[in-house]
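Here is a short briefing to read alongside the structure. Keep the viewer open and follow the topics in order.

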Amino acid sequence: MASDSPRREQATPVAAILLILASGILFSFLDAGAKWLVLSGMSASFVVWVRFAVHVVLVLILFQGWRNREMYRVRSLPLQVLRGVFLFGSTIFNFLALLTLPLADAMAIYFLAPMVITALAGPLLGEWAGWRRWVAIGVGFFGMVIVIRPGLGTFGLGHAYALLSMLSYSLYVLMTRRMAATETSASLIFYSALAPVVFMSPALPLAGSVPPDLLHWAVLISLGFFGGLGHWLIIHAYKRAQVSGLAPYPYAQIIWATLWGYLLFGDIPDRYTVIGAAIIVASGLYIVHRERELRLASVTEPNSESSDLAKKL
């Protein structure tokens, strides 16, 4: 049985890979559309509210909310709400960052998330990283420094917003890991979108801004479609394959971010962004590789002491 485990670990279905790649394209549409709307003068808060409101409606349709009780069943409503707050923070800070940052720069900083998740998983979840993964985290941080170049006049408010977005997303993922064993996938995707809608609704009269034409309306409504459908595709992808097998593919989003940034806004990443992004992606991929090695070791190594030693590396 042990000899079959590596084969099963490596066999990632093509359908799952295509689902993950498709979700990345949808998320790149979401970022590009949000940047276009905010730059055109629309309130970032209102854009975020509409994005999640449409997301809620789409989830109700996709999960047949009129008869799917699993979508409303929760073990801990406060944790569901807190997780939704983190997702809201990730979105609003990202939209604010895109006011001044090219899509590629914001995406490069966003890809620090796997390293931050690995670092915080120890104190928050008891999943401590070994020295090799800490080295990868340090290398990824160095890549981020190259992208934002603090002290050289390039670090601005947009970079700060991008870092806050990445940190919020990392906490969102950590909460998802913690809650996945007790909460249904339908409730996780529903309440994470419902919480921002409820919390932001009282401020809507102050933050609202009416789109000036049908094109703005279409792009605005499409944000919720891209976000909701993207999360739905991710759920189905992870039903077909293991996390480690799919982890490298979201990095393809930086290709789409660069493409839309150039076509829509004339943004061309400078060499520092390219070098820093490459370092961040390489560090993230190493962490993915190391996680996979440890998973295989836990399956094939019956000796718990050996497994504990491996985790320290």
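**The chain as a whole**

Of the 313 residues in the protein chain, 48% count as buried. Please keep in mind that this is a predicted model. The secondary structure comes to 15 helices and zero strands.

- **Contacts and surface**
  - Among contacts in the protein chain with a separation of 6 or more, 88% are between residues 24 or more positions apart.
  - The chain has an accessible surface of about 15200 Å², and carbon and sulfur atoms account for 68% of this.

- **Helix α5**
  - Helix α5 spans residues 103-110, and it is largely enclosed by the rest of the structure because seven of its eight residues are buried.
  - Those buried residues of α5 are Leu103, Ala104, Asp105, Ala106, Met107, Ala108 and Ile109.

- **His216 in helix α11**
  - Helix α11 covers residues 214-240, and His216 is found in it.
  - His216 has 9% relative accessibility, so it counts as buried, the cut-off being under 20%.
  - Beyond its neighbours within four places in sequence, His216 is in contact with Trp36, Leu37, Ser40, Met42 and Pro211.

- **The second largest pocket**
  - This pocket holds about 150 Å³ of space.
  - Its lining is made up of Phe29, Ala32, Gly33, Trp36, Val219, Ser222, Leu223, Phe226 and Leu264.
  - Helices α2 (14-39) and α11 are the elements that each give two or more residues to the lining of the second largest pocket.
  - By type, the lining residues of this pocket are seven nonpolar, two polar and no charged.

How values were computed: Residues are numbered from 1 along each chain as its sequence is written. This is a predicted model: local features need pLDDT of at least 70, side-chain atom pairs count only at pLDDT 80 or more; totals for chains, interfaces and linings use all residues. Side-chain values use heavy atoms; hydrogens and water are left out. Helices (H or I, at least four residues) and strands (E, at least two) are DSSP runs, numbered from the N terminus. Buried means under 20% relative accessible area, exposed over 50%, partly exposed in between (1.4 Å probe, protein chains only). Contact means heavy atoms within 4.5 Å. On a 1 Å grid over the protein atoms alone, a cavity is a set of points where a 1.4 Å probe fits but cannot get out, and a pocket is an open set with protein on both sides within 12 Å along at least five of seven lines; lining residues have an atom within 4 Å of a point. Grid points are joined across faces, edges and corners, and a volume is the space filled by probe spheres set on the points. Ala, Val, Leu, Ile, Met, Phe, Trp, Tyr, Cys and Pro count as nonpolar, Asp, Glu, Lys and Arg as charged, and the others, Gly among them, as polar. Accessible areas come from the Shrake-Rupley method with a 1.4 Å probe; for residues, only the protein chains shown count as cover.
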